[in-house]
Amino acid sequence: MTSDLHPRADRPREESGEIVYDDAGAVPVSAEGRPGEAPAMDAPADINMAATQGDGLGCHAGAGEMRRAAEKSDNSDVLKQYMTDYPMGPHDQPQSMCPAFGSLRVGLRMRRTATVLSGSACCVYGLTFTSHFYGARRTVGYVPFNSETLVTGKLFEDIRDAVHKLADPEKYDVVVIINLCVPTASGVPLRLLPDEINGVRIIGIDVPGFGVPTHAEAKDVLAGAMLKYARTEAEQGPVAAPRTGRADLPTVTLVGEMFPADPVGIGRLLEPLGLSAGPVIPTREWRELYAALDCAAVAAIHPFYTASFREFEAAGRPIVGSAPVGVDGTADWLEAIGAACGVSAAKIATAKDQATAAIAGALEQTPVKGRITLSGYEGSELLVARLLMESGADVRYVGTACPRTPYSDADRAWLEAKGVEVVYRASLEQDVAAMEAFEPDLAVGTTPVVQKAKEKSIPGLYFTNLISARPLMGPAGAGSLAQVVNTAMAGKTRFDEMTAFFDGVGTGDAAGVWEDMPKDLTEFRRANKKRREWKSTSKKAVEGAIGC
């Protein structure tokens, strides 16, 4: 059924096919000069009414146009900081999901936290869908806008009103407002929101797709903003203790989302050093931020949390890169953590001996044999590659969408010393090219990389759901990847059989949807190619004759 969006004035509305919900459309539109009707109001001098007639600076404007607009607005300083914290690299931006999902995910996973989006409706829909797909089970707030409210500044007023309505200390510790691309480009000033309402903290951040390269780094945008707020509170006086109370031993704060069993495993590795595992950043509750700052050292498990590391450095906390993966990685990490916390050499040696013996035994029992290429956008790609290599795998390529930082240098150096090609800010094209060049027994990567691999009868595993969703640290991590990796590589014969069975289906002349048998157009293309070549040759001959 179709309907007229703009039925002719001389046709009754019931005959126009328009779906009518009320009689508001029957109200006559005022026009200046018509008898008995009010004249049209003049637009205020400070409003550009022409700008409100279109749909405004939307996503269709492109990243370049929105970036230029943001640089001219009051958000230019925000973009400059993002360029420093999250450098783009040789290409514009890695191909991953909307970066704002990272910040949204952090907010939705925290207790007593309200998370509100301000952006185009299509973006909010996609982010909300993705959040609930990953089990958010929390309400996502949304402040809608149109071109008029964006241009006139009414959007900021709507955001401010929404924040005041949400700021209930009985329900929330913090309200987070996230500007998406369009409000950021238009300069909607979240910094003008109050820092606190009725005892509820207010945090506003800009997470534009044209300023934050990946959703992994967007987690740091919100985590860093929260740490900065919490650090300021702690400097001003007493703050709330963790829900479980303060730890008896000095703690090591762990930075980066990881499998739930990993912090427990890390805690066991730290016990011989007289240390314990502290909170994980991003935290699950506001009060954990104070405990995270109150640590002996910080473990940069994910090395790209630049804004968060800045807050820990301001608090005077030492930061240690890499992670306890495999024998070599665990030994080096325990050595660095012990040194940063002033632990005696004897204790460090004991901790290393206990941990490496258990890990070596686990690796020996669960070997991995085969050539692997690996890529992803979670930030733990180098750690996974190290673990696979110590398991016996022949890893040829590691691509990560995240940037190079000092805290991943140890992992990069270890991999490169063993002949592995490591690429930061890797693009989809680079990941696919590596898979095609090295012809691995298994391609671990993002969805499009895995799809390309399977088209070539190469087994593939999705990094996010099948690899990073497993423990990686200590003895538990040593054998966690072997089963899924070996099972996938053992399916090579099945892929060959499927490729042979479906050979030619949906490719070449048979691509698309057909109601009858697809036709072979090889001869047609060959004849058409000869015709084009003949025309080109004739044209050059004529041009040469004229030139003479």
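The paragraphs below lead through a predicted model, from its confidence to a sheet, the helices beside that sheet, and some aromatic side chains.

The protein chain has an average pLDDT of 84, and 84% of its residues reach a score of at least 70. Confidence is highest in strand β9, residues 319-320, at 98, and lowest in helix α1, residues 13-16, where the mean is 43. Over residues 1-56 pLDDT stays under 50, and for this stretch the model has 37 contacts beyond four places in sequence. Where pLDDT is low, the predicted coordinates should not be read in detail.

The sheet to begin with is an open one of 5 strands, paired in parallel and arranged in the order β12-β11-β10-β13-β14. Its edges are taken by β12, residues 421-424, and β14, residues 460-462; each has a single partner strand, so one side of each is left without a neighbour in the sheet. On average, and with direction ignored, neighbouring strands of this sheet are turned by 10 degrees against each other. Within the sheet, β10 (residues 371-376) and β11 (residues 394-400) are joined in the parallel sense over 6 bridges, and Thr373 has Tyr397 of β11 as its bridge partner.

Helix α15, which spans residues 381-390, lies across β10, β11 and β12 and runs at about 175 degrees to β11. Helix α17, residues 428-438, also packs on the sheet, where it touches β10, β11, β12 and β13 (442-445), and its direction makes about 170 degrees with that of β11.

Helix α16, residues 409-417, can be followed through its buried residues, which are Asp411, Arg412, Trp414 and Leu415. Seen down the axis of α16, these residues fall within an arc of 165 degrees, so they line one face of the helix. What do the buried residues of α16 pack against? Their partners are α13 (326-340), α15, β11 and β12, and of these β11 and β12 belong to the sheet described above. Just after α16 comes Gly419, whose phi is positive, at about 85 degrees.

In one of them, the ring centres of Tyr82 and Tyr86 are 5.9 Å apart and the planes stand at 45 degrees, so the pair is tilted. Tyr82 counts as buried because its relative accessibility is 9%, and Tyr86 is likewise buried, at 1%. The rings of Phe129 and Phe133 have centres 6.4 Å apart and planes at 20 degrees, so this pair is stacked. Both residues sit in helix α5 (residues 121-133), and because they are 4 residues apart there, they are separated by about one helical turn. Together with Tyr125, Phe129 and Phe133 form one aromatic cluster.

A last stop is the loop between α22 (492-501) and α23 (522-547), in which Val505 lies. Val505 is exposed, with a relative accessible area of 59%. Its C-alpha atom is separated by 10.0 Å from that of Pro518, a residue 13 places away along the chain.

Conventions:
Residues are numbered from 1 along each chain as its sequence is written. This is a predicted model: local features need pLDDT of at least 70, side-chain atom pairs count only at pLDDT 80 or more; totals for chains, interfaces and linings use all residues. Side-chain values use heavy atoms; hydrogens and water are left out. Two strands pair if DSSP finds at least two bridges between them. Helices (H or I, at least four residues) and strands (E, at least two) are DSSP runs, numbered from the N terminus. Axes are lines fitted to C-alpha atoms, for helices over the stretch in contact, and angles run from 0 to 180 degrees between N-to-C directions. Contact means heavy atoms within 4.5 Å. pLDDT is the predictor's confidence in each residue, from 0 to 100. Buried means under 20% relative accessible area, exposed over 50%, partly exposed in between (1.4 Å probe, protein chains only). The arc is that of the directions from the helix axis to the C-beta atoms. Rings of Phe, Tyr and Trp (its six-membered ring) pair if their centres lie within 6.5 Å; planes under 30 degrees apart count as stacked, over 60 as edge-to-face and the rest as tilted.
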